[in-house]
Amino acid sequence: MGFPQRQPGLLRLLLLAGALVWPLPCMSLELIPYTPQITAWDLEGKVTATTFSLEQPRCVLDGLAGVASTIWLVVAFSNASRDFQNPQTRAEIPAFPRLLTEGHYMTLPLSLDQLPCQDPAGGGRDVPLLRVGNDPGCRADLLQPPHCNSPLPSPGPYRVKFLLMDARGSPQAETRWSDPIALHQGKSPASIDTWPGRRSGGMIVITSILSSLAGLLLLAFLAASTARFSSLWWPEEAPEQLRIGSFMGKRYMTHHIPPSEAATLPVGCEPGLDPLPSLSP
């Protein structure tokens, strides 16, 4: 006795039914009406050459996430986001190297208590954001977890979404994909314009003032240096001395003769004069 001829056909129907039932969890995945976006906080460096900062999805998954649920961030190139398939187990969660081969990966696993609806008591100064690509040690440290937050390798553009998974790694809910996010690109030194004519008016005024101050300081330094060296080369002369040719001599002060003494002297005997010759024989 053999099996009835209808058994192979019945087996095919059972296999087909199983194939239809298996993807039902993916088809029943709930879509959350939330679109991730760059943080609205006025911060420097919200988007850099290797990172970008997202606002935290606070009060978005409260009614769906459980205590053991995990909120993952899916990062994909903009043109590869349509090909992304939600993983069904933890083993299927794509790590960062898959970005370079398949165009997507998952990172930043968070629990619900890490995304409170209200700010913690005490008014902390930390800005509620998620910085994608903020861990440069992922590439060099082999002990890092496989889903660490590595710097992004290219300007993109990228799209992101949040995926809620239960303790077994099965997806529960997901958000919409974000708008394309392009990173900043550095400029080549040859492309930087250094012509002064394209500088702003304020920069030109500041440059002129600094140049004038530098010139005044230089003139003051030269004047002080000239006065210093002139005193070394030409010393001051004493007031008691006279310069006579190449010799130095003292002043001669004449003596004063009182009038009474001058009257008693005979004629021709004035000081400093020879006596007159006598005319008598």
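A: Happy to. One term before we start: a residue is called buried when its relative accessible area is under 20%, and exposed when that area is over 50%, with partly exposed in between. Also keep in mind that this is a predicted model.

Q: How many salt bridges does the structure hold?

A: Three. In one of them, the side chains of Lys-161 and Glu-174 meet at 2.5 Å, N to O. That pair links distant parts of the chain, with Lys-161 in strand E6 and Glu-174 in strand E7, 13 residues apart.

Q: Are Lys-161 and Glu-174 buried or exposed?

A: Both are buried.

Q: What about Glu-102, which side chain does it meet in a salt bridge?

A: The side chain of Arg-98, at 3.0 Å, N to O. As a general point, side chains of opposite charge can pair when their charged atoms come close.

Q: Switching to the sheet: what order do the strands have?

A: The order is E1-E7-E6-E3-E4, in an open sheet of five strands with mixed pairing. The edge strands are E1 (30-32) and E4 (104-110), and each of these pairs on one side only. On average, neighbouring strands of this sheet are turned by 30° against each other, ignoring direction.

Q: How many bridges join E1 to E7?

A: Three, and the two strands run parallel, with E7 covering residues 171-175. Within this pairing, Glu-30 stands opposite Ala-173 in E7.

Q: Now the rings. How many aromatic pairs does a search of the whole structure find?

A: Five. One of them is Tyr-34 with Phe-162: the ring centres are 6.5 Å apart and the planes are at 40°, so the pair is tilted. The pair links distant parts of the chain, as Tyr-34 is in the loop between E1 and strand E2 (52-55) while Phe-162 is in E6 (residues 158-165), 128 residues apart. Tyr-34 and Phe-162 are both buried.

Q: Nice. And what kind of aromatic pair do Phe-84 and Trp-177 form?

A: An edge-to-face one, with 6.2 Å centre to centre and 90° between the planes. This pair also links distant parts of the chain: Phe-84 is in the loop between strand E3 (70-77) and helix H3 (98-102), and Trp-177 is in the loop between E7 and helix H4 (201-233), 93 residues apart.

Q: Is Phe-84 buried or exposed?

A: Phe-84 is buried, at a relative accessible area of 8%.

Q: Which residues do ring pairs link into a cluster?

A: Phe-52, Phe-77 and Tyr-158.

Q: Off to the loops, then. Where does Ser-150 lie?

A: Ser-150 lies in the loop between strand E5 (129-132) and E6. Its relative accessible area is 4%, so Ser-150 is buried. Leaving aside neighbours within four places in sequence, Ser-150 is in contact with Phe-96, Tyr-105, Gly-133, Asp-135 and Cys-138.

Q: And where does Gly-137 lie?

A: Gly-137 lies in the loop between E5 and E6. Gly-137 is partly exposed, with a relative accessible area of 27%. Gly-137 and Asn-149 are twelve residues apart in sequence, and their C-alpha atoms are 9.0 Å apart in space.

Q: Last one: where does UniProt place the feature "transmembrane region"?

A: The UniProt record, an unreviewed entry, places it at residues 201-224. In this model the chain over residues 201-224 is 100% helix and 0% strand, and the end C-alpha atoms are 35 Å apart.

Notes. Residues are numbered from 1 along each chain as its sequence is written. This is a predicted model: local features need pLDDT of at least 70, side-chain atom pairs count only at pLDDT 80 or more; totals for chains, interfaces and linings use all residues. Side-chain values use heavy atoms; hydrogens and water are left out. Two strands pair if DSSP finds at least two bridges between them. Helices (H or I, at least four residues) and strands (E, at least two) are DSSP runs, numbered from the N terminus. Axes are lines fitted to C-alpha atoms, for helices over the stretch in contact, and angles run from 0 to 180 degrees between N-to-C directions. UniProt positions are given in the numbering used here, feature names are shortened, and annotations may be inferred rather than shown by experiment. Rings of Phe, Tyr and Trp (its six-membered ring) pair if their centres lie within 6.5 Å; planes under 30 degrees apart count as stacked, over 60 as edge-to-face and the rest as tilted. Buried means under 20% relative accessible area, exposed over 50%, partly exposed in between (1.4 Å probe, protein chains only). Contact means heavy atoms within 4.5 Å. A salt bridge is a side-chain nitrogen of Lys or Arg within 4 Å of a carboxyl oxygen of Asp or Glu.
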